[in-house]
Amino acid sequence: MKWLRCLFQSLIMTIHVFVIVLFLLSAISDKISPESSTLFAYLGLCFPIFCFLNLCFTLYWAFACQWKFIWTGLLAFLLAWGQVKLYFPLHAPTDDIPKDNTIKLLTYNIMAFGYKTHSESKPNPTIQYLAHSGADIICLQEYAEDSQGDYLTKKKIYKELKMYPYQSVVYLNKAGRIKQGIAVFSKFPIVKSGRIHYKSEYNGSAMCQVKIKDKILTIVNNHLESFKLTSEDRSRYSSFFKDMGTDNFEMLKGTLSQKLGPAYRIRASQARTIAHFCDTVKTDYLVVCGDFNDTPISYAHHTIQHNLVDAFSESGCGIGVSYNENLFWFRIDHILHSKNIRSYNCTVGKVNYSDHYPMWCYLHLS
């Protein structure tokens with residue numbers, strides 16, 4: 001029986017080493033452009049899975065009292081510690097937030113206000129949430145205005161958000177009566193705004209400069225290239241996890257390779273454009289936020305972050321899942337800021353008015 005136990009442990013160790021290799025490769029995947037290889041982009045997407053598996057194997061060795069093997073898993077965590085902290089921060093909420101020079105910023109992909117109507121008797125829940133959010137600055141993606149009817153017109157939106165007297169709206173596309181784009185609503189004066197140009201049919205980025213006392217904060221609001229997955233594609237993804245059959249896998253594999261790969265490559269180019277723009281910003285403070293359509297361990301996030309700080313990593317807790325449909329449990333909405341800003345209590349708000357959750361935090365401008 002001793003030889004059988006040794007064989008079993010050897011098999012477990014071999015699998016663990018294989019998991020560690022994938023874990024470490026996924027940890028460095030954000031340094032490699034998807035234009036060179038989409039394989040690393042997929043590995044980055046699986047980073048939390050490999051991290052969890054390495055933890056399971058490490059705990060197994062601890063329960064089996066195989067101390068020499070425990071160090072293998074712990075060493076892997078040590079080598080990838082920066083990425084682990086970025087993906088799984090653990091910060092308790094604090095009440096010790098400076099009152100002076102502190103603002104609350106909220107970013108939210110509102111999915112065209114949930115495609116819901118708005119009236120005095122039955123107000124749109126998304127705009128009600130925004131109006132009562134207490135944020136000083138709101139950055140919106142998939143912002144939409146209807147020209148008529150029971151939906152939200154520009155006049156209705158501005159009326160409901162009258163506590164934000166300053167607005168910057170950049171329209172990206174129009175479908176019938178609906179104009180969509182990205183928007184910033186602010187309690188502070190907006191002194192300059194404009195689109196950041198890169199090639200995209202439906203997505204985009206814009207900057208606006210906000211004057212807070214005698215300082216200027218530049219905000220870069222983003223909606224980077226989406227995967228363009230249809231409801232059928234997402235249902236197929238959900239079905240695979242419910243029934244992991246070969247047919248479902250092949251169908252899912254074909255869909256993902258056709259849509260994820262091209263989107264990764266497009267976002268890589270967009271991310272470099274945003275990063276280049278950020279390098280030219282000369283104002284007092286800088287915030288880059290929005291729907292990146294990519295996880296913290298991705299080329300797009302890594303490229304845009306560069307010398308910035310990830311607010312959720314600095315002051316959030318947990319995984320921070322910000323997309324809430326079809327088992328796509330990822331944090332793809334982000335708030336990044338310059339190093340002379342400190343974030344507090346970065347939070348993903350669990351309100352189901354869109355296919356995304358809002359993310360907000362307090363930013364102390366030092």
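User: Is Lys31 buried, partly exposed or exposed in this model?
Analyst: This is a predicted model, and in it Lys31 has a relative accessible area of 44%. Buried means under 20% and exposed means over 50%, so Lys31 counts as partly exposed.

User: Which loop holds Asp294, the salt-bridge partner of Arg267?
Analyst: The side chains of Arg267 and Asp294 meet at 2.8 Å, N to O, and Arg267 counts as buried at 0% relative accessibility, while Asp294 counts as buried at 4%. Arg267 lies in helix 9, so the pair ties together parts that are 27 residues apart in sequence, with Asp294 in the loop between strand 8 and helix 10.

User: How do the axes of helix 2 and helix 3 lie to each other?
Analyst: The axes of helix 2 (residues 38-45) and helix 3 (residues 47-63) come within 4 Å and cross at roughly 55°. That angle makes helix 2, relative to helix 3, oblique.

User: Which strands stand at the edges of the open sheet of six strands?
Analyst: The sheet has mixed pairing and the strand order 5-6-7-8-10-9. Each edge strand has a single partner strand, so one side of each is left without a neighbour in the sheet, and these are strand 5 (190-196) and strand 9 (309-310).

Terms used
Residues are numbered from 1 along each chain as its sequence is written. This is a predicted model: local features need pLDDT of at least 70, side-chain atom pairs count only at pLDDT 80 or more; totals for chains, interfaces and linings use all residues. Side-chain values use heavy atoms; hydrogens and water are left out. Two strands pair if DSSP finds at least two bridges between them. Helices (H or I, at least four residues) and strands (E, at least two) are DSSP runs, numbered from the N terminus. Axes are lines fitted to C-alpha atoms, for helices over the stretch in contact, and angles run from 0 to 180 degrees between N-to-C directions. Angles under 35 degrees count as roughly parallel, over 145 as roughly antiparallel, 65 to 115 as roughly perpendicular and the rest as oblique. Buried means under 20% relative accessible area, exposed over 50%, partly exposed in between (1.4 Å probe, protein chains only). A salt bridge is a side-chain nitrogen of Lys or Arg within 4 Å of a carboxyl oxygen of Asp or Glu.
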